[in-house]
Amino acid sequence: MKVISNQRLFDGEQIRIEHPSETLQCIMRFSLYLPHGMAATKKVPVLYWLSGLTCTDENFTTKAGAQRVAAELGMALVIPDTSPRGAAVPDDDSYDMGHGAGFYVNATQAPWKAHYRMYDYITQELPQFVTAHFPVSDRKAISGHSMGGHGALSIAVKNPTQYTSVSAFAPIVNPMACAWGQKALTQYLGDDRSEWAQYDSVELIRERGLPLPLLVDQGTADDFLAEQLLTDNLSAVTRDQADARIRYQEGYDHSYYFIATFIAEHLRFHAKFLFA
């Protein structure tokens, strides 16, 4: 493990870490916020944040303004990168494939399958690494934005005992039905749509339900809402779920200004269950 940077922030530590990943077969980076005091004396619960297309671990740490509330609540934040990276890792000229666009799946197709196993990295290797090296407990929640919202929702549905709660901002909820998802799922998983369904939140919830509290915020001025995000499909499949709240926020777009506006509410939402 290599600590790239460590800044004092709201009496806590904002740390950027580099480590070799056996799952992804490359060097990975992630960011970690540890609140002061509580983290020094006892293990704290942790929120995993999954970022969207083109992002790294730094977008959320520098733009969302989450650390102030995390410090107040005594909650750690873990922010992984969005894909494997490096000269040996396959890439693509388009922004929605390759580096920065891992889609939180386990790829089965060449040339992606050797490195693009973000699902296993997020659900297994990274939490094991964080727990082994830092004072965090086994109480975890998960959240994300856009492609990361897709990752958070699909991971939570398939691993409900690992997390206390799940939330998302402007998530890609039905990737089998949108251009971003169809492109990524075809290249990473091949043409078998039954494989695609294993990473489609709407299809997963229809099949399995979601036994976790859910909060989703979606801006009505989001340019991607109608063609890529398809939030109404998630509303329909969770209509009978008492613990699901899907909120349409008037005038908000897809940006980190939107996330910064509502991130405190999401952290407090998760805290209710992380500290229960």
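## Ground rules

Buried means under 20% relative accessible area, exposed means over 50%, and partly exposed is what lies in between (1.4 Å probe, protein chains only). This is a predicted model, where local features need pLDDT of at least 70 and side-chain atom pairs count only at pLDDT 80 or more, while totals for chains, interfaces and linings use all residues. Side-chain values use heavy atoms, with hydrogens and water left out, and residues are numbered from 1 along each chain as its sequence is written.

## Arginine 247 and aspartate 217

Arginine 247 and aspartate 217 are both buried. They pair up in a salt bridge (a side-chain nitrogen of Lys or Arg within 4 Å of a carboxyl oxygen of Asp or Glu), with the closest N and O atoms 2.8 Å apart. The pair links distant parts of the chain, 30 residues apart: arginine 247 sits in strand β9 (residues 244–249) and aspartate 217 in strand β8 (residues 214–219). Helices (H or I, at least four residues) and strands (E, at least two) are DSSP runs, numbered from the N terminus.

By that salt-bridge rule, the count comes to ten.

## Around arginine 16

The side chains of aspartate 57 and arginine 16 meet in a salt bridge at 2.7 Å, N to O. Aspartate 57 lies in the loop between β4 (44–50) and α2 (58–63) and arginine 16 in strand β2 (residues 12–21), so this contact ties together parts that are 41 residues apart in sequence. Both residues, aspartate 57 and arginine 16, are buried.

## Aspartate 96 and lysine 183

Aspartate 96 and lysine 183 form another salt bridge, with 2.8 Å between the closest N and O atoms. Aspartate 96 is buried, at 8% relative accessible area, whereas lysine 183 is partly exposed at 28%.
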